[in-house]
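Subject: Structure handover

Hello,

The structure is below, and my notes on it follow. Please read them alongside the coordinates.

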Amino acid sequence: MNNLNPNQRQHRHHRRRQRTWDTENHRRRRHRECGFPLLLTGSRKPLAKHLSCKERGFSQPSNVVYQLNHETQAALIEAIEDEYKARAFYEAVMNKFGAVRPFSNIVNAEARHAQRLAALLIKYRVPVPADTFTGTIDAPDSLKAACKISIDGEIENLKMYDRFLSFVQEPDIAAAFSQLRDASANHHLPAFERCYSRL
């Protein structure tokens, strides 16, 4: 290096500094991708190998969505189709008997439940099934019979969510299933039982 003129020495020093910055920037980027804070070590030695997040033992960032297993995908699809079916039945009852309670209240809740499940399907990149129930279900001959059918439907809804909660591992999906189950148990089912008892 002593044989280099000042310009050549400056150029070589600049290239060495650039490699150091490139290495440091890469390390920063990999830490961000793995979702970990950057730990500055002060070392200016280039990395011998750029390891992946998995090779480093780091978990993926929380905003990276992985693919659901088939059982959980099927659970989401069954759940939203059950909400579609319930909404279609309640709409059929109101078309026949008018906007009577509790059908007029609960039909809106079923729509919100379906929207919440659709959002989870979209998040996990599972195609949202179309509603094939609206307009295809007939109401019974009496309002009392409609309340009894609704009671049976809500009981089946509870069993369905209990079954799903026995194997679903994703916290957001489990939370949604649990809350929808509680809505059926604590609000919908008692409302239809009151409806049945007073008619």
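Of the 199 residues in the chain, 37% count as buried, where buried means under 20% relative accessible area, exposed means over 50%, and partly exposed lies in between (1.4 Å probe, protein chains only). This is a predicted model, in which local features need pLDDT of at least 70 and side-chain atom pairs count only at pLDDT 80 or more, while totals for chains, interfaces and linings use all residues. Residues are numbered from 1 along each chain as its sequence is written, and side-chain values use heavy atoms, with hydrogens and water left out.

Overall layout

The chain has 6 helices and 0 strands; helices (H or I, at least four residues) and strands (E, at least two) are DSSP runs, numbered from the N terminus. Read from that end, the order of elements is α-α-α-α-α-α. Taking contacts between residues at least 6 apart in sequence, 73% join residues at least 24 apart; a contact means heavy atoms within 4.5 Å.

The largest pocket

The largest pocket holds about 290 Å³ of space. A pocket here is an open set of points on a 1 Å grid over the protein atoms alone, with protein on both sides within 12 Å along at least five of seven lines, whereas a cavity is a set where a 1.4 Å probe fits but cannot get out; lining residues have an atom within 4 Å of a point. Grid points are joined across faces, edges and corners, and the volume is the space filled by probe spheres set on the points.

Lining this pocket are 15 residues, with Lys-85, Ala-86, Phe-89, Ile-149 and Gly-153 lying nearest its centre. Helix H3 (70-97) and helix H5 (143-165) are the elements that give two or more residues to the lining. By class, the lining comprises 5 nonpolar, 4 polar and 6 charged residues.

Ile-149 is placed in helix H5 and is partly exposed, with a relative accessible area of 42%. Leaving aside neighbours within four places in sequence, Ile-149 is in contact with Phe-89 and Pro-140. Ile-149 and Phe-89 are 60 residues apart along the chain, and 9.4 Å separates their C-alpha atoms.

Helix H4 (residues 103-123) has 21 residues and spans 30 Å from its first C-alpha to its last, close to the 30 Å expected at 1.5 Å a residue. The expected span is 1.5 Å times one less than the number of residues.

In the loop between H3 and H4 sits Pro-102, joined to Arg-101 by a cis peptide bond with omega of about 5 degrees. Arg-125 is in the loop between H4 and H5. The phi of Arg-125 is near 60 degrees, a positive value in a residue other than glycine. Arg-125 counts as exposed because its relative accessibility is 65%.

Within H4 itself, Asn-105 is partly exposed at a relative accessible area of 42%.

Phe-97 belongs to helix H3 and counts as partly exposed at 28% relative accessibility. Not counting residues up to four places away in sequence, Phe-97 touches Pro-140, Asp-141, Ser-142 and Leu-143. From Phe-97 to Asp-141 the separation is 44 residues in sequence and 9.6 Å in space, C-alpha to C-alpha.

Glu-170 lies in the loop between H5 and helix H6 (171-198). Glu-170 counts as buried because its relative accessibility is 5%. The C-alpha atoms of Glu-170 and Leu-68 are 8.8 Å apart, and the two residues are 102 residues apart along the chain.

Regards

Conventions. Nonpolar A, V, L, I, M, F, W, Y, C, P; charged D, E, K, R; others polar.
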